[in-house]
Amino acid sequence: MNQKYIYSLIAVLALFLIAYVGSEAAGLQILFGIILPYLAIIAFLGGFIVRILDWAGSSVPFAIPTTCGQQKSLPWIKPNAIDNPTSTGAVVLRMFFEIVFFRSLFRNTRMGISNGSRVFYKWEIFLWIGSLAFHYSFLTVILRHLRFFIEPVPSAIILLENIDSFFKLEFITHIFQIGLPGFYLSGLILLAAVTYLFLRRIFIPQVKYISLAADFFPLFLIFGIAFSGILMRYVIKVDITAVKELTMGFITFHPVVPKEGISGIFYVHLFFVAILLAYFPFSKLMHMAGVFLSPTRNMANNTRAVRHINPWNYPVPVHTYEEYEDEFREKMIDAGLPVDKMPDEKPEEITADQKKEGKE
Amino acid sequence: MSDELLKPDELFAKIDHRPPKTDWMSTPVQIRKGMYCYASNYKSVEYLGLPNARPWNPLDDDWKLPENWQEIIHQGFKERLEKFRSFKIFMDICVRCGACADKCHFFIGTGDPKNMPVIRAELLRSVYRNDFTRMGKILGKIGGARPMGLDVLKEWWYYMFQCTECRRCSVFCPYGIDTAEITIMGRELLNLIGLNIDWIATPVANCYRTGNHLGIQPHAFKGMLDFFVEDVEDLSGINVEPVYNKKGADILFITPSGDVFADPGTYTCMGYLILFHYLKEKYGLDITWSTYASEGGNFGFFTSHETMKRLNAKMYMEAKRLGVKWILGGECGHMWRVINQYMDTVNGPADFLEEPVSPITGTKFENAKSTKMVHIAEFTADLIKHDKLDLDPGRNDNLKVTYHDSCNPARGMGLLEEPRYIIKKVCNNFYEMPANTIREQTFCCGGGAGLNAGEDMELRMAGGLPRANAVKYVHDKYGVNVLSCICAVDRAVFPALMEYWVPEVEVYGMHELVANALILPGEKRTTDLRGEPLPGMEDKADE
Amino acid sequence: MNNKNKIITGLIIFIGIITFPFWYNMGKAAPGIEPELSAKARAAKKCVRSASYMKAEHMQLLDAWRESVVRKGERIYVNEEGKQFNMSLSNTCLDCHSNKAQFCDRCHDYASARPYCWDCHIDNPKEKE
């Protein structure tokens, strides 16, 4: 079992070394600061588009929503419009709650056995909290980084920064000092959430059992990104104007590597992000897009009222009533069951029409 | 019940949810007696014209597969990825968060980690990665990929037939990944090379030929219903003789044949006869049964989408032949998943039928206006709401009732309140099981999706444990003695499950309870449908 | 059913959003930033520490100065070369860097840093004299 996270850990450490040595010792700042990030973005966009088009290319032959509440049937029974949607609007609402609040995960329970004879189910909310914390802190961190890509920095981003650094956390000792620049909560939450998601893969036996190397790799990578970022901000400080010079050059397609030079930790951070971007479309991280397309969530449960069309519906062999009656006619007559043709009548040929009708 | 089956407390004590030391990919499958169903009878496979009909035994090393079986599976996989977006998405986006792991009744009851929905899907996903993704090809086993092989195939077969397609995991999955969908695909692939179980293949063949799973021929089908008619006449003095294959009737009634064949479903069937007779006498309901479409259930659904369509076709074909206005469907589980989510798509449009309207209350069933098929719970609830039934719930006072939501009507339709409304109107003592075990979180009976055979009794008892345990809870707490349900498979599966885990609880279909409470004009009833004295009539019943 | 159009619309929206910084900056030159040194600063040649150190760590140095002055009452800072300075933002730093707008603010705005120095230290006292 250990192998799985060891492989991933080794991979991330190797990436760290490559970037650090490459930028510090080998002087490959152009490679790590410009070429690889561009390639990563191309891989991300290209891979993402290809994957989505691939998904879109498959048909949705049946409407298979998982209904998690009362259907809409008789007028005096109150339907659960969100968990059992029948209209597009309700589906949008269901998807909104699913995507924005992780509604299904909120339901999570944990099974246990008490007294050796009773199976019980307890509400289990930590995974939900951990996931929300992870995704939203990550989103905040990403949005905050827009300050490196827009000049002048828009006020919305400044507002976000102010909120994020609301808690003025400052420490000062002889050895270290934290709090200047202002402390961002999102970074800490991200790091904590990633750590939690990692630890549950190690300590919950069932989750450990199902985890693959591909589950650990992104966690380590994101941990690396968050950690190097935090390090750069509070401990091994880098020349932030030089960083912005690089990012602005990058984003305006006038790439430059600042003359002043930026510490290797920055190139590690950037390289990790590039790897994450390039890895994204080819991995489970595509759940970001997939969640929108899941047929059990994004379809309405109105299939008895509105016919769902299967684009590849094809005729199948069926056993027609005529074939059935032909086999059992005598017995049916004896039992007093009505038949279409009496046996003394010369059975007409089963017409091609009838057969066709049956078959479509 | 088989002698080898462990005692309930032993089986319970044996459950160990701690995963084994060896990684699941390197833990070979062991096909164990009591946990699998017998291989499909080649005659049934042949009758249906499905691939690779031959006698085979899952315990043998040689499964007599076609030589190019790997290619068939690969091609079949590819084809299904293109045809079903669900399949492709579910192969791609699972993050293995583990939310589904302890939601599966088979995992709860067996502790076998491969019964965690996520690993059940990984069985297919591992091959998918190897065959269809770049990452899987490059990384191999580290990337969670593995090539198809005989061991993998056997594992597929074993675990695809340890899933009842109940969709409970799908409720909890943050992406709605539905293991039922995975299992459906897995079984389709297995069927391409002739790997089915007999409890599915033979009912399918029977249904195809005679119209119902048990292969009851038309005269015998009528004979069995006649038998119920006699029983009802004995206990009430009323003749409830139904109508068969009547052209021009208003409504065609289709229900699972299981209720025609075995107790306690038979009492539900009597319930239908009594209800329809009441409605005919009082309101002139014109309803017909069909011997040709004498099966509501559809084990074809547990074989492949195509087979499902082939069997389901009879409903519309018969409705068209008889010229009815619409179709009424009886109490059944997966039948209703098929009707609600598939029928109109595969065999529609049913433009030869009328939008269903209750001839008694005038209620338009708007929710069924395209498929034109109404669930009997919707139909009866509407009748009761409009006060069209003369009910004496006191007649069920000797019963303390709880209600089991069948998986498919709960999670593939959302039929939750209608049955509860009915049951509360016909029974005075109703108790819900714990909240995490009912409604959309309901647990499977352990024998759905074609697994209600006799040879896999240990699997059924283990898989039914969560449901039975919840029943036991209300039995201990409130003295519940009746488990009511709206599914014929439930009625076939629960008696054994209750006998094993909660012996004091009997299984009732909803319409049996309705018929108990329904006062027929001119009836002389002192017993319920099972011949037990009605509450307060103990003396008269003895006379 | 195959709602390909909806998916492609969604995809375009998504791509539009994540590439926002690219097209927002389309056609603009990369705005470089060069803090302007006042004549006095230029003449001094060297700050209290090296330029690269000051660029990355000045906020930390000032924080340490504040701690030292306000809490401990020690006002003398000795740099690596043994040179002594009065620990004072207004009187030492801003003595040379008297052009706050061209020196401090330019970089701070560029990097979206909003130091709270100026909450207490009224704007550039030297200039006001």
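Tutor: Chain B comes to 24 helices and seven strands, where helices (H or I, at least four residues) and strands (E, at least two) are DSSP runs numbered from the N terminus. Its radius of gyration is 23 Å, close to the 24 Å that the globule rule gives for 543 residues, so chain B is as compact as a globular protein of that length. That radius is taken over C-alpha atoms, and the rule is 2.2 Å times the number of residues to the power 0.38.

Before going on, a word on the ground rules: this is a predicted model, in which local features need pLDDT of at least 70 and side-chain atom pairs count only at pLDDT 80 or more, while totals for chains, interfaces and linings use all residues. Residues are numbered from 1 along each chain as its sequence is written, with chains lettered from A and ligands numbered from 1 in the order in which they are written.

Back to chain B: along the principal axes, its C-alpha atoms fill a box of roughly 75 × 50 × 40 Å. Of its 543 residues, 64% count as buried, which takes 20 or more other C-beta atoms within 10 Å of a residue's own, with C-beta atoms placed from the backbone. Now take the contacts in chain B with a separation of 6 or more: 76% of them are between residues 24 or more positions apart. Two residues are in contact here if their C-beta atoms, placed from the backbone, lie within 7 Å.

Next, the domains. Chain B is assigned domain 1 (8-30 + 51-195) and domain 2 (205-538); such bounds come from an automatic or database domain assignment. The centres of these two domains of chain B, taken over C-alpha atoms, are 32 Å apart. Where they touch, 19 residues of domain 1 of chain B are in contact with 24 residues of domain 2 of chain B.

So what builds the domain 1 side of chain B that touches domain 2 of chain B? The elements giving two or more residues to it are helix 1 (8-14), helix 5 (105-110), helix 9 (168-172) and helix 10 (179-192) of chain B. Helix 5 of chain B gives the most, with five residues. By class, this side of domain 1 of chain B has eight nonpolar, six polar and five charged residues. For those classes, Ala, Val, Leu, Ile, Met, Phe, Trp, Tyr, Cys and Pro count as nonpolar, Asp, Glu, Lys and Arg as charged, and the others, Gly among them, as polar.

Note on methods: Buried ≥ 20, exposed ≤ 12 C-beta atoms within 10 Å, placed from the backbone.
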